[in-house]
Amino acid sequence: MSGAVSASDEPTQPHSVLADAQDLLDLDPARAELWVSGLLADLDEAEFDEIVAVLETAVVERKSEAPAARLLAAVIAVVAEPALAERALAVCRPTDLASPAWASMLGTASPVDAMAVVVEGVRRSIIVRFAHHNDDRHLMLVELDDDVVTDLRFAPDGLFDEELGDESIELVPVPLDGLGATLGKALEPADLDTPSIALNRLVARRRIEALGAHLPEAADPTASPETQADAAANPGDIVDDELEWQAEGDASAIELLESALAKQLAAPGPGDAMFEEIAGRLRNGGSEKAADSAADIEAVSATAGLSGDEPAETFVLRFVSAYAVPRRLDLFTAEERDAIRHLEWADWLGALIGLTRAGEGTVVSPQGMVKAINRCPEITTTIPKADAEYVAWSFELTLHAWGLAGVIDDEERLTEFGAAVLPRAFRAAWQGRG
């Protein structure tokens with residue numbers, strides 16, 4: 001898969017890239033992402049600027065080239081590191097595309113399972129199976145030597161079966177938990193002169209992030225050497241500090257949640273049948289009376305990093321708490337992403353403690369959630385009046401997840417299920433990120 005669609009070794013010419021991008025229309029999400037990963041591998045700043053300018057012009061003026069230009073921009077937006085992705089999003093985002101039919105699946109790949117390839121008792125590589133939201137599946141093979149990535153390959157599901165038919169090769173299931181951190185650490189020191197790594201690295205980073213890893217942003221290939229040197233000064237310290245701060249926050253949130261809502265958490269929660277019913281409805285596109293619910297469900301599932309194959313209870317808990325620990329927010333504008341990320345665990349905790357204590361039938365509104373934070377005795381900070389409207393808007397961007405899952409009803413009142421599931425969902429979210 002990776003070699004067939006990789007970018008050419010010839011110098012990058014913006015208009016030729018646009019012509020070549022016509023090929024994207026005949027691919028699929030995984031192949032399209034790999035094609036763009038190869039394209040971006042050797043770009044410098046001037047080349048990327050020229051390509052963006054050509055895409056903008058094509059979208060506005062050249063009708064025959066517009067579909068390929070829009071698609072290329074959308075794929076760049078989900079493959080590139082944030083600084084480049086933002087510029088591509090300004091041209092076109094995946095949700096703006098009606099065709100090809102698979103365009104809305106871009107960037108939705110989630111891990112399904114993983115296996116270690118053991119040769120004569122030695123683990124040589126890891127194979128991870130991913131599925132897009134339309135259930136298109138593909139494999140990522142990561143070859144390792146002394147815990148450093150030496151080769152990266154992608155292939156359709158099942159393509160490695162013949163290669164692994166040797167009796168000396170054993171496939172051993174590997175838990176997905178913690179695998180992202182392991183692979184991310186192994187990818188950092190990888191040799192970028194290795195063609196498969198250079199061409200496929202960006203897609204591999206996106207897949208490793210889908211495994212739950214928090215990767216430091218890679219050096220911007222379009223940045224000047226001086227800028228790259230400044231960014232690389234102390235990357236490890238920054239990442240370690242951020243992860244430590246995050247882990248401490250999650251632990252504090254869980255401790256406070258369990259203390260404040262001990263009575264509610266001790267009571268029986270939703271049963272297996274309830275979780276199965278809600279998970280089944282969400283996986284099947286939601287309510288028939290809401291034409292846009294399927295797209296909304298896909299957006300929440302992407303935010304939560306869900307593939308749809310999770311056990312029913314896990315699926316529903318992560319869906320309900322998707323925006324407390326967002327994995328992906330690229331379906332939102334930059335301003336909306338900033339607003340959602342503005343919400344800290346203390347904000348969520350103050351809101352859900354207040355709602356859970358108030359119980360079934362409580363009206364759930366963004367403004368009411370801000371008031372709940374300020375009135376919560378366990379939360380020592382308050383939302384200043386000057387910030388209240390912004391925080392309310394931040395909550396407003398997320399409440400569709402609760403409506404889709406049945407946490408709130410059509411009259412925006414907390415349901416019996418919602419009152420029981422909220423503390424369990426957020427506890428699971430903060431536990432799961434550790």
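**Notes on a tryptophan–phenylalanine contact and its surroundings**

1. Phe426 is buried, with a relative accessible area of 1%; buried here means under 20% relative accessible area, with a 1.4 Å probe and protein chains only. This is a predicted model, where local features need pLDDT of at least 70, side-chain atom pairs count only at pLDDT 80 or more, and totals for chains, interfaces and linings use all residues. Residues are numbered from 1 along each chain as its sequence is written, and side-chain values use heavy atoms, leaving out hydrogens and water.

2. Trp348 is in helix α15 and Phe426 in helix α19 (residues 416-432), so their pair joins parts 78 residues apart in sequence. Helices are DSSP runs of H or I, at least four residues, numbered from the N terminus.

3. Trp348 is buried too, at a relative accessible area of 3%. Ring pairs also place Trp348 and Phe426 in a cluster with Phe395, Trp402 and Trp430.

4. Trp348 is also one of the α15 residues that meet α16, where Met369, Ala372 and Ile373 take part; contact means heavy atoms within 4.5 Å.

5. For your ring-charge checks, Arg283 lies over the face of Phe315, 4.9 Å from the ring centre. The criterion is CZ of Arg or NZ of Lys within 6 Å of the ring centre and within 35 degrees of the ring normal.

Conventions: Helices (H or I, at least four residues) and strands (E, at least two) are DSSP runs, numbered from the N terminus. Buried means under 20% relative accessible area, exposed over 50%, partly exposed in between (1.4 Å probe, protein chains only). Rings of Phe, Tyr and Trp (its six-membered ring) pair if their centres lie within 6.5 Å; planes under 30 degrees apart count as stacked, over 60 as edge-to-face and the rest as tilted.
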